[in-house]
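Dear colleague,

Please find below the sequence and the structure that I am handing over to you. My notes on what was found follow directly after.

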Amino acid sequence: MSILVTGGAGFIGSALCRRLIREGHAPLTVVDKLTYAASPKTLEKEQASGALELVEADICDTDAMDTVFKRTQPTLVFNLAAETHVDRSIDGPEAFLKTNTLGVLRLLEVMRSHRDTLAPDARDTLRLIHISTDEVFGALGSEGVFTEQSPYDPSSPYAASKAASDHLVRAWTRTYGLNTVITNCSNNYGPYQFPEKLIPLMILKALAGERLPVYGDGQQVRDWLHVDDHADALIKAATLGEPGATYAIGGRAERTNLQVVHGICAALDAARPASSSYSGLIQHVTDRPGHDRRYAIAPDYIEQSLGWRAQKPFETGLAETVDWYLDNEAWWRPILEQRYAGQRLGAAV
């Protein structure tokens, strides 16, 4: 197979690329706009070995994407190109609508145009795997779970932009017969995550001796999924999934935000003890506008139909993630000094 990964220099995209390469699916082509949250360093070893080619391009650029499709003739296209941080979408929603919605529209049209140039027996083998989020479903109460049949009810500009992209993919599948699969995942964590997100932000603030800002009462619940488990699910959905299917991918690891922060502090207390517990740095701050109270995914369908199941227990994965950031200051230090210093985002009402 010839595989194209958009957004492959980001957190989830790079984890997927590394997993694909380990499983023998190389060489890959990666298209990435290289925004603030992406880093070529994340895939340095893979590039140096010739396992992948990195093309700096925007999925909104029809000509650039058309050139990539013609040159690489992909069989599988994983779309992970997206603006992803809810807080940033509150401060500047237009960038999210541009990449997450318009970008998907243009990618679909390039893919449709390319498919129509293929021989009839090759057209159905060209497949798009569109990676989305559980945030499109809005908030749950204290009970219940999201499934593939959950209605869409986005709360943030980010969630709305991703919901729109999911609808576009389904419409192009039904109207034009594109071979597509949609996945909606829960909160990811693991190595190489940009430090605006909860887990790396808390790790690095704690190491700096700074206050650990917890939104509101910290009782918002998220279902956590290790990025390597997510990458495994995406490959199974791409290679074994039914055309037109949707797969909800979750880790069965519900935790409140406050539990997660306390878990980070406990892991740091064990790995790099300070004069007192890092938990003393926790500080409750004003909540985020439109903050969904609870997410939880029931991944029964992908478990039963594709044989996938999350393998990494959350406490084990969290401790390993803390250790990774402790061991990889050369990766995150330049980010803090040059691109993002840990300041609060998304506080505007």
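**Overall architecture**

The secondary structure of the protein chain amounts to 13 helices and twelve strands. Please bear in mind throughout that this is a predicted model.

The chain has 349 residues and a radius of gyration of 20 Å, which agrees with the value near 20 Å that a compact globule of this length would have. Buried residues account for 54% of the 349 residues. The accessible surface comes to about 14,300 Å², and carbon and sulfur atoms hold 49% of that surface. As for contacts between residues at least 6 apart in sequence, 81% of them join residues at least 24 apart.

**The second largest pocket**

The second largest pocket holds about 240 Å³ of space. Two elements give two or more residues each to its lining, namely α2 (44-48) and α13 (329-338). Of these, α2 supplies the largest share, with three residues.

**Cavities**

How many cavities of 30 Å³ or more does a search of the whole structure find? The search finds three. Two of them are described here.

The largest cavity contains about 50 Å³ of space. Its lining is made up of Val86, Glu135, Ser156, Arg222, Arg288, Pro289, Gly290, His291, Asp292 and Tyr295. By class, this lining has three nonpolar, three polar and four charged residues.

The second largest cavity contains about 40 Å³. Around it lie Ala9, Gly10, Phe11, Ala37, Ala38, Ser39, Thr42, Tyr192, Phe194 and Trp331. This lining has seven nonpolar and three polar residues, and no charged ones.

**Backbone features**

Most residues other than glycine have a negative phi, and most peptide bonds are trans.

- Ala26 and Pro27 are joined by a cis peptide bond, with omega at about 5°. Pro27 is found in the loop between α1 (11-22) and β2 (28-32).
- Leu34, a residue other than glycine, has a positive phi near 55°. Leu34 is placed in the loop between β2 and α2, and it counts as partly exposed because its relative accessibility is 25%, which lies between the limits of 20% and 50%.
- Arg252 likewise has a positive phi, near 50°. Arg252 lies in the loop between β10 (246-249) and β11 (254-256) and is partly exposed, with a relative accessible area of 47%.

Is His114 buried or exposed? With a relative accessible area of 4%, His114 is buried, because buried means under 20%. His114 sits in helix α5 (residues 93-115). Leaving aside neighbours within four places in sequence, its contacts are Phe69, Gln73, Pro74 and Leu126.

Pro334 belongs to helix α13, one of the elements that contribute to the lining of the second largest pocket. At 23% relative accessibility, Pro334 counts as partly exposed. Not counting residues up to four places away in sequence, Pro334 touches Glu329 and Arg339.

**In brief**

To draw the points together, the second largest pocket, of about 240 Å³, takes the largest share of its lining from α2. The largest cavity has four charged residues in its lining, whereas the second largest cavity has none. The backbone features include the cis peptide bond between Ala26 and Pro27 and the positive phi values of Leu34 and Arg252.

With kind regards

Conventions: Residues are numbered from 1 along each chain as its sequence is written. This is a predicted model: local features need pLDDT of at least 70, side-chain atom pairs count only at pLDDT 80 or more; totals for chains, interfaces and linings use all residues. Side-chain values use heavy atoms; hydrogens and water are left out. On a 1 Å grid over the protein atoms alone, a cavity is a set of points where a 1.4 Å probe fits but cannot get out, and a pocket is an open set with protein on both sides within 12 Å along at least five of seven lines; lining residues have an atom within 4 Å of a point. Grid points are joined across faces, edges and corners, and a volume is the space filled by probe spheres set on the points. Helices (H or I, at least four residues) and strands (E, at least two) are DSSP runs, numbered from the N terminus. The radius of gyration is taken over C-alpha atoms; the globule rule is 2.2 Å times the number of residues to the power 0.38. Buried means under 20% relative accessible area, exposed over 50%, partly exposed in between (1.4 Å probe, protein chains only). Contact means heavy atoms within 4.5 Å. Accessible areas come from the Shrake-Rupley method with a 1.4 Å probe; for residues, only the protein chains shown count as cover. Ala, Val, Leu, Ile, Met, Phe, Trp, Tyr, Cys and Pro count as nonpolar, Asp, Glu, Lys and Arg as charged, and the others, Gly among them, as polar.
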